[in-house]
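Here is a short report on how strands pair up in one protein model. Look at the structure first, then read on.

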Amino acid sequence: MRPNYPFNCWYVAATSGEVGEDFLARRLLDVPVLLYRRSTGEVVAMEDRCIHRAFPLSAGRRDGDRVVCGYHGFSYEPDGCLAHVPSQENLPPGARVRTYPIFEKAPFVWIWLGEPGAAALRPPPRVPWYGDGTGWASTDEVLKVGANYLLLQEHYLDLTDVFVMHPEVVPPDIDVLPALDEVEVSERSVSYSRSMPPSRLAPWEADVTGLPEDTLATRREEGRFVTPALHVQHYSIDLDDGSAHELLRIQGFTPETPDSTHVFLQMARTYAKDDERVADFLRTMFHDWALRDSVVLEAIQSRLGDRGEPRRDINVKADRAAVRARRIAMDMVDDESGSFVLNWKL
Ligand code: FES
């Protein structure tokens, strides 16, 4: 059974802070990958499997920028070429371990596990809300969820669950989330937007913005399936004087296996940018939020049974964006040649 994620897509492999001199072993799209940083600072990604007897290269060691296998001592250059075999002078011609294109722009290290020649044709999505001079202050975190990546994409494209799962975050004068204003679909992305009527602030909103709880404000919420690998949600508290307090939840969803997903979470805000207390508050709040979501998504995954079992869901209006996103992802999977994926998995 083919997995339901496209290979010809940039995925987040790690945060910039996770990759250093030491080896980082991570399964991505069910492929074992070894990541490390060369002495020049560039990130190397290679298959975490020695070409001699399939020993994990991550269990070996570094010799300068080379990777030395921990079994018989074969060593590899950062481009994957076999450089040394301790037991003989000659090298098998053309012997190399597979390496993968990498693109790093903090906070994310992106990887391309698809057809190598296609990587340059599709640059990774832009995430321009990180770092000095951008107007945003950020926190980030890496999580893992025992559920298929599309369950996560769908979950965050329909936030009507908040009344049941996270009622404490809902502004006090909002009883029901208004219908989506708009669902916009392009060939590879889906976005939705929703406006909420004026309401006083929820306690968390008052806490992070420093505004009194009886402040009346409207809210704009936008969610975007940027690619199968990236979801961006925008939440803005808009005041009568025209000012806005904006919050972004940026999530890289990278399948670890067909049934589990790495989540690379970045929270960015335009307010209280130098306030560590607010940063800690939001980090904790969204960490707890993600954990509660994980419990539900893992329970759903456990009900889906075999990976090939067809879905039997019915959809309602609030699912519009999620349904379109799933269709885009599945179209991308269908577009990829079966032979490529089959070869790849051998
Ligand atoms: S398995 Fe790596 S050198 Fe033998």
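How many bridges pair strand E6 with strand E7, and in which sense? Two bridges pair strand E6 (residues 66–68) with strand E7 (residues 75–76), in the antiparallel sense.

Some ground rules come next. This is a predicted model, where local features need pLDDT of at least 70, side-chain atom pairs count only at pLDDT 80 or more, and totals for chains, interfaces and linings use all residues. Residues are numbered from 1 along each chain as its sequence is written, and side-chain values use heavy atoms, with hydrogens and water left out.

Strands (E, at least two residues) are DSSP runs, numbered from the N terminus. Two strands pair if DSSP finds at least two bridges between them.

E6 and E7 belong to an open sheet of four strands. Here are two open sheets, side by side.

| Strand order | Pairing | Edge strands |
|---|---|---|
| E5-E6-E7-E8 | antiparallel | E5 (61–63) and E8 (82–84) |
| E2-E3-E4 | antiparallel | E2 (24–28) and E4 (43–47) |

Each edge strand, E2 and E4, pairs on one side only. In the E2-E3-E4 sheet, the twist averages 30° from one strand to the next. That angle uses axes, lines fitted to C-alpha atoms, and runs from 0 to 180 degrees between N-to-C directions. Five bridges link E2 to strand E3 (residues 31–37), and the two run antiparallel. Arg27 has Pro32 in E3 as its bridge partner.

Now take strand E11 (residues 137–145). Nine bridges join E11 to strand E17 (residues 260–269), and the pair runs antiparallel. Ala137 stands opposite Arg269 in E17. Ala137 also lies on the covered face of E11, while Ser138 is one of the residues on the uncovered face.

Conventions
Buried < 20%, exposed > 50% of the residue type's maximum accessible area, 1.4 Å probe, protein only.
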